[in-house]
Amino acid sequence: MSEQRTLTAAVHQEEDWFIAQCLEVDIASQGQSIQEALANLREAVELYFAEVPEAEVTTTPLVTSFQIPGTAA
């Protein structure tokens, strides 16, 4: 049995869909809920690694937040 990998997903909403993107490989998927989007992403990444077992996996990026001053509307 191969070693389990831990990957990072960023999720955002576009209209009625949630978009999940793997940050270590350039793969994204969508779903009607966050859980569905992540499940679909997991399946897509598993299929990708099955087809490309020596795929290049980038290091996990540092994900953080920052603030900017508000703007007047």
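Mentor: Contact, or touching, means heavy atoms within 4.5 Å. The model is predicted, so that local features need pLDDT of at least 70 and side-chain atom pairs count only at pLDDT 80 or more, while totals for chains, interfaces and linings use all residues. Residues are numbered from 1 along each chain as its sequence is written, and side-chain values use heavy atoms, with hydrogens and water left out.

Trainee: Which residues does Phe49 touch, not counting residues up to four places away in sequence?

Mentor: Phe49 is placed in helix α1; helices (H or I, at least four residues) and strands (E, at least two) are DSSP runs numbered from the N terminus. Phe49 is buried, with a relative accessible area of 15%; buried means under 20%, exposed over 50%, and partly exposed in between, for a 1.4 Å probe and protein chains only. With residues up to four places away in sequence set aside, Phe49 touches Arg5, Leu7, Val25, Ala55 and Val57.

Trainee: What kind of aromatic pair do Tyr48 and Phe49 form?

Mentor: Rings of Phe, Tyr and Trp (its six-membered ring) pair if their centres lie within 6.5 Å; planes under 30 degrees apart are stacked, over 60 edge-to-face, and the rest tilted. One aromatic pair is found in a search of the whole structure. The centres of Tyr48 and Phe49 are 5.7 Å apart and their planes are at 50 degrees, so the pair is tilted.

Trainee: How far from the ring centre of Phe49 does Arg5 lie?

Mentor: Arg5 is in the segment before β1 and is partly exposed, at 46% relative accessibility. A charge sits over a ring if NZ of Lys or CZ of Arg is within 6 Å of the ring centre and within 35 degrees of the ring normal. Arg5 lies over the face of Phe49, and its distance from the ring centre is 4.2 Å.

Trainee: Which element contributes the largest share of the lining of the largest pocket?

Mentor: On a 1 Å grid over the protein atoms alone, a pocket is an open set of points where a 1.4 Å probe fits, with protein on both sides within 12 Å along at least five of seven lines; lining residues have an atom within 4 Å of a point. The largest pocket holds about 450 Å³ of space, a volume being the space filled by probe spheres set on points joined across faces, edges and corners. Of its 16 lining residues, Arg5, Leu7, Arg42, Val45 and Glu46 are the closest to the centre. Seven residues, the largest share of the lining, come from α1.

Trainee: Is Ser29 buried or exposed?

Mentor: Ser29 is in strand β3 (residues 27-31). Beyond four places in sequence, Ser29 touches Phe18, Ile19, Ala20, Ala37, Asn40 and Leu41. With a relative accessible area of 18%, Ser29 is buried.

Trainee: What distance separates the C-alpha atoms of Gln21 and Leu38?

Mentor: Gln21 lies in strand β2 and is partly exposed, with a relative accessible area of 34%. Residues touched by Gln21 beyond four places in sequence include Asp26, Ile27 and Leu41. Gln21 and Leu38 are 17 residues apart along the chain, and their C-alpha atoms are separated by 8.6 Å.

Trainee: What distance separates the C-alpha atoms of Asp26 and Thr58?

Mentor: Asp26 lies in the loop between β2 and β3. Its relative accessible area is 74%, and Asp26 is exposed. Asp26 and Thr58 are 32 residues apart along the chain, and the separation of their C-alpha atoms is 9.5 Å.

Trainee: What is the phi of Glu15?

Mentor: Glu15 lies in the loop between β1 (9-14) and β2 (17-22) and is exposed, with a relative accessible area of 75%. Most residues other than glycine have a negative phi. Glu15 is not a glycine, yet its phi is positive, at about 55 degrees.
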